[in-house]
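Reader: I'm new to this one. Can you walk me through it?

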Amino acid sequence: NQYIRQAQHKKGFANLVLIGVVVVLVVVSSYFARYKKNKEDIKLDVVVDTLGWKTYTNSKYGFEFQYPQDLQVSESGSYVSQSGTQPDNLETVHVGEIGIQVFSPGIVEGDYGWPERPCGEWSFGPDDKALLSEHTTLDGQKTLHIVSRLFSGTEGASEENDFFCVNYLKNPIVIYYKKTKESEVNKILSTFRFIK
């Protein structure tokens, strides 16, 4: 009887250990699956022949990209906001349909904690809600990708816009463009790099 009880006690203990190991494995594997998902760079799935393209380099804020010769790059300098929710930016660079805004270090709180504008999850559009909000990376930097429906200027009309809010420690940036131009924009974004 004593041997039977000891065997049952050992069997029960072994079952508890087995359950504990399974729980630990599930928790660890789900953590790594989530970590890997968040660490994957934005997949643009485009093959681009950049032969003959120009390279724009912004040494001051630490990024560069290539763009077709027929496009022009312009820099519009800093923007001081008159709004309580829109942060000031240091510079805006335009190339084709893309706008790139550069912000002061420290504007982002936490991994994806952008201010409500321009990269909060609310669009301030007709439905006041982002159509898509996901965590990803751009050239290895933590990035909040948002698709929003914003007012287009025509009364009651709206259009979808893409935002990549990049937590680049040197200077966080926002890349934005109209969703209808996505295929052309992705060719340029596939060449976007941060420089040391």
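**A first look**

Author: The protein has 3 helices and 10 strands. Helices (H or I, at least four residues) and strands (E, at least two) are DSSP runs, numbered from the N terminus. This is a predicted model: local features need pLDDT of at least 70, side-chain atom pairs count only at pLDDT 80 or more, and totals for chains, interfaces and linings use all residues. Residues are numbered from 1 along each chain as its sequence is written, and side-chain values use heavy atoms, with hydrogens and water left out.

Reader: What pattern does the protein follow along the sequence?

Author: The pattern reads α-β-β-β-β-β-α-β-β-β-β-α-β.

Reader: How much of the protein is buried?

Author: Buried residues are 35% of the 196. Buried means under 20% relative accessible area, exposed over 50%, and partly exposed in between (1.4 Å probe, protein chains only). The protein exposes about 12200 Å², and carbon and sulfur atoms supply 54% of that. These areas come from the Shrake-Rupley method with a 1.4 Å probe; for residues, only the protein chains shown count as cover.

Reader: Let's do sheets. What is the strand order in the open sheet of 3 strands?

Author: The order is S1-S2-S10, with antiparallel pairing. Two strands pair if DSSP finds at least two bridges between them. S1 and S10 are the edge strands, and each pairs on one side only.

Reader: How many bridges join S1 and S2?

Author: There are 5 bridges between S1 (residues 54–58) and S2, in the antiparallel sense. Asn58 stands opposite Phe63 in S2. The two strands form a hairpin with 4 residues between them. Gly62, in the turn, has a positive phi of about 80 degrees.

Reader: And how many join S2 to S10?

Author: 2 bridges, and the strands run antiparallel. Phe63 has Phe194 as its bridge partner in S10. For Glu64, the partner in S10 is Arg193.

Reader: Which residues of S2 are on the covered face?

Author: Phe63, Phe65 and Tyr67. Glu64 and Gln66 are on the uncovered face. In a regular strand, side chains alternate between the two faces of the sheet.

Reader: Now the rings. How many aromatic pairs are there?

Author: The count is 10. Rings of Phe, Tyr and Trp (its six-membered ring) pair if their centres lie within 6.5 Å; planes under 30 degrees apart count as stacked, over 60 as edge-to-face and the rest as tilted. Take Phe63 and Phe192: their ring centres are 5.5 Å apart and their planes at 15 degrees, so the pair is stacked.

Reader: Where do Phe63 and Phe192 sit in the chain?

Author: Phe63 is in strand S2, and Phe192 is in the loop between H3 and strand S10 (193–194). The pair links distant parts of the chain, 129 residues apart. Both residues are buried. Phe65 and Phe192 are stacked too, at 6.4 Å centre to centre with 10 degrees between the planes. Phe65 lies in S2 and Phe192 in that loop, so this pair ties together parts 127 residues apart in sequence.

Reader: Which residues form the aromatic cluster?

Author: Tyr56, Phe63, Phe65, Tyr67, Tyr168, Phe192 and Phe194.

Reader: Switching to the core. Which residues touch the most other members of the largest nonpolar core?

Author: Phe63, Phe65, Ile98, Ile100, Ile173, Ile175 and Phe192, out of 23 residues in that core. S2, S4, S5, S8, S9 and H3 each supply at least two of its residues. A nonpolar core is a set of buried Ala, Val, Leu, Ile, Met, Phe, Trp, Tyr and Cys residues joined through side-chain atoms within 4.5 Å. Another core lies apart from it, with 13 residues, among them Cys119, Ala130, Leu150 and Phe163.

Reader: Which residues of H3 are buried?

Author: In H3 (residues 182–189), they are Val185, Asn186, Ile188 and Leu189. They cover an arc of only 160 degrees around the axis, which puts them on the same side of H3. The arc is that of the directions from the helix axis to the C-beta atoms.

Reader: What do they pack against?

Author: Strands S2 (63–67), S5 (98–102), S8 (158–166) and S9 (173–178). Contact means heavy atoms within 4.5 Å.

Reader: Last one. Where is Glu97 found?

Author: In the loop between strand S4 (91–95) and S5. At 38% relative accessibility, Glu97 counts as partly exposed. Beyond its neighbours within four places in sequence, Glu97 is in contact with Tyr176, Tyr177, Lys181 and Val185. Glu97 and Tyr177 are 80 residues apart in sequence and 5.9 Å apart in space, C-alpha to C-alpha.
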